[in-house]
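Dear colleague,

Please find below the structure for your files. My notes on its overall build and its aromatic pairs follow.

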Amino acid sequence: MRLFIKTLLGAALSASLAVSAQTLPQIKILATGGTIAGTAASATQTTGYKAGDLGIQVLIEAVPQMKEFADVSGEQIFKISSNNMTDEGLLKLAKRCNELLKDPKVSGIVITHGTDTLEETAYFLNLTVKSKKPVVLVGAMRPATAISADGPMNLLNAVRVAADPQSVGKGVLITMNDVINNARDVTKTNTTNVATFRGGELGALGYIAGGKNYFYKESTRPHTYKSDFDIEKINKLPRVDIIYSHVNADRVLVDAAVAAGAKGIVAAGTGNGSISEREEAGLVDAMKKGVTVVRSARVQNGPTTASVARWQEEGILFSQALNPQKARMLLQLALTKTQDPKKIQEYFDKY
Ligand code: SIN
C-alpha cells in the first residue's frame, strides 16, 4: 500500500514537472566563448587565463536554478576569446538568432560572449535581429575557476531577463553585475573590474535585484524589429577601419586603410571628433576614391557633431553619440545598402 502511494506521488510529481517544463519560457543559450567559459590554473588567477575553454553544457549544469523559471537548452556557436570575433562570426550569429526566433516555441535567446567585444556584437545584433523577442548578451570578468566567479550569477540573471515579458521589444540587452543595459549605449569601461559595463552618461535601463528585473528606461533609437538592415542574404561585410587620432597624427594609417581596401573609415577623433590637418588631407583623398568617412570620438561621452564647416563641405560624416567601434558596425551595415553620404548620415542621425 505504502509503495503504491509512493509510486502515485512520484508519478504525480513527474507529471507536474513535465507540465511546468512545457509551460516555462523556452530560452536558447548560444555560447561563443569568453571569460564566462574561461579556465585558469588556480582559483586566484584572474588574468592570463584560457577564455572560452568550457562548453555550454558545463555552464548550464553549473546553474541549475535557471530551470526554475526557464526551459533552457544550449548550443555552442564558437569557443573563442572575443578579441578574435570576426565579421563572418557576427553574420553567423545574427542569422542563427533570426532562425531560432522565428520558432514560435522559442521565447528568447541568451548569448554568452567574451567581454572585450561584447558591445560590438550586441550593437550588430541590435541592428540585424528581426524580432521583438528578448536577446540578452552576458559575459564575466572572472574565469569560471576563480573564487567569486561572476559568470554563474550573470548567466542566471541573463536567463531571468530573457524569460521576462517585460524585456520584449526593448532591443538587444546586456546584463552583467546586476545591471541591465541596452546594446546601443553600453560600453566596457574597466579592463578588469566586474562593474565594467556601463551606459555612460546615457545610463542603464534597469537593475536585477532580489530575483526580480526592474526596468526604468528604454532607448529612443530604432532597433531589431524596426531596423532597416537585413543581413539574411549577405555573406560578407564591407571593410571599415578605425583610425585613432592623437598628438602628431598624420595620414599614414589612413593611406594604409585605403590600400587595404577599406570602403569606410571611422576617424576616432580627439575632443568632438576632431582630426588633424594631415589626417584630413588623407581622408579627403580617401573620399575621392569612394571611401566613406565618419568622424567619431575617442572621448567616452557626448555626441560627435557636424562641427567645423569645412569638414562638412568635404563630405565627412559624423557619428552622433556612437563610439568608434559601434560607428564602425553601423557604417558597415549602411554600406550594404547605399554609398550615398546623405543617406548614410541619415542612418547615423536615426540609429
Ligand atoms: C574575451 O573577450 O573573450 C576575453 C575577456 C573576457 O571575456 O572578459
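The protein chain has 10 helices and 14 strands, taken as DSSP runs (helices: H or I, at least four residues; strands: E, at least two) and numbered from the N terminus. This is a predicted model, in which local features need pLDDT of at least 70 and side-chain atom pairs count only at pLDDT 80 or more, while totals for chains, interfaces and linings use all residues. Residues are numbered from 1 along each chain as its sequence is written, and side-chain values use heavy atoms, without hydrogens and water.

Of the 351 residues, 52% count as buried; buried means under 20% relative accessible area, exposed over 50% and partly exposed in between (1.4 Å probe, protein chains only).

A search of the whole structure finds 4 aromatic pairs. Rings of Phe, Tyr and Trp (its six-membered ring) pair if their centres lie within 6.5 Å; planes under 30 degrees apart count as stacked, over 60 as edge-to-face and the rest as tilted. Tyr-207 and Tyr-216 form an edge-to-face pair, because their ring planes stand at 65°, with centres 6.1 Å apart. Tyr-207 is partly exposed at 46% relative accessible area, whereas Tyr-216 is exposed at 57%.

The rings of Phe-229 and Tyr-347 lie at 55° with centres 5.0 Å apart, so this pair is tilted. Phe-229 belongs to the loop between β10 (212–215) and β11 (240–244) and Tyr-347 to helix α10 (residues 341–350), so the pair ties together parts 118 residues apart in sequence. Both Phe-229 and Tyr-347 are buried. Ring pairs also join these two residues with Tyr-351 in a cluster.

With kind regards
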